[in-house]
Amino acid sequence: MFVLLLILIVVLVGLGFINAIWWVAAAVLVFGATRHGRDRGGGWTRGDGSDLGDYRDYENSRDRQDRWDRRYSRRHRARWRREDRRDHERRG
């Protein structure tokens with residue numbers, strides 16, 4: 001995607017020597033591409049599809065990890081053991 005956009009921008013700049021409106025079109029594309037990159041979370045993407053510095057993904061994974069840690073922390077283990085013991089006593 002990035003390579004195609006870069007080629008298109010180069011072609012439009014080349015056409016700008018014929019008519020100046022093509023330089024305006026190239027500038028609009030460059031502006032749109034840089035704004036789109038910033039809106040996505042910080043930069044262009046690599047060819048393999050992974051983001052460079054996408055903070056929102058990091059934030060979401062950090063929040064999921066925090067919820068997991070709160071839910072399955074040590075203080076809840078005693079409650080699980082009590083519930084398991086009660087279940088075992090009921091069955092046995």
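1. In this predicted model, Tyr58 has a relative accessibility of 43% and counts as partly exposed. Tyr55 falls in that class too, with a value of 45%. Both tyrosines belong to helix α3, which runs over residues 55-71, and they sit three residues apart, about one turn of the helix. Residues three or four places apart point the same way, because an α-helix has 3.6 residues a turn.

2. The rings of Tyr55 and Tyr58 form an aromatic pair, with 5.5 Å from centre to centre and 50° between the planes.

3. A search of the whole structure gives two aromatic pairs. Phe17 is exposed, at 67% relative accessible area, whereas Trp23 is partly exposed, at 40%.

4. Helix α1 covers residues 2-15, 14 residues in total. From the first C-alpha to the last the helix reaches 20 Å, close to the 20 Å expected at 1.5 Å a residue.

5. Which residues of α1 are buried? They are Leu5, Ile9 and Leu12. These three cover an arc of only 65° around the axis, so they lie on the same side of α1.

6. The face of α1 turned away from the buried side carries Val3, Leu4 and Val10, which are exposed. A colleague looking at the model can compare this face with the side that holds Leu5, Ile9 and Leu12, the buried residues of the helix.

Key:
Residues are numbered from 1 along each chain as its sequence is written. This is a predicted model: local features need pLDDT of at least 70, side-chain atom pairs count only at pLDDT 80 or more; totals for chains, interfaces and linings use all residues. Side-chain values use heavy atoms; hydrogens and water are left out. Rings of Phe, Tyr and Trp (its six-membered ring) pair if their centres lie within 6.5 Å; planes under 30 degrees apart count as stacked, over 60 as edge-to-face and the rest as tilted. Buried means under 20% relative accessible area, exposed over 50%, partly exposed in between (1.4 Å probe, protein chains only). Helices (H or I, at least four residues) and strands (E, at least two) are DSSP runs, numbered from the N terminus. The expected span of a helix is 1.5 Å times one less than its number of residues. The arc is that of the directions from the helix axis to the C-beta atoms.
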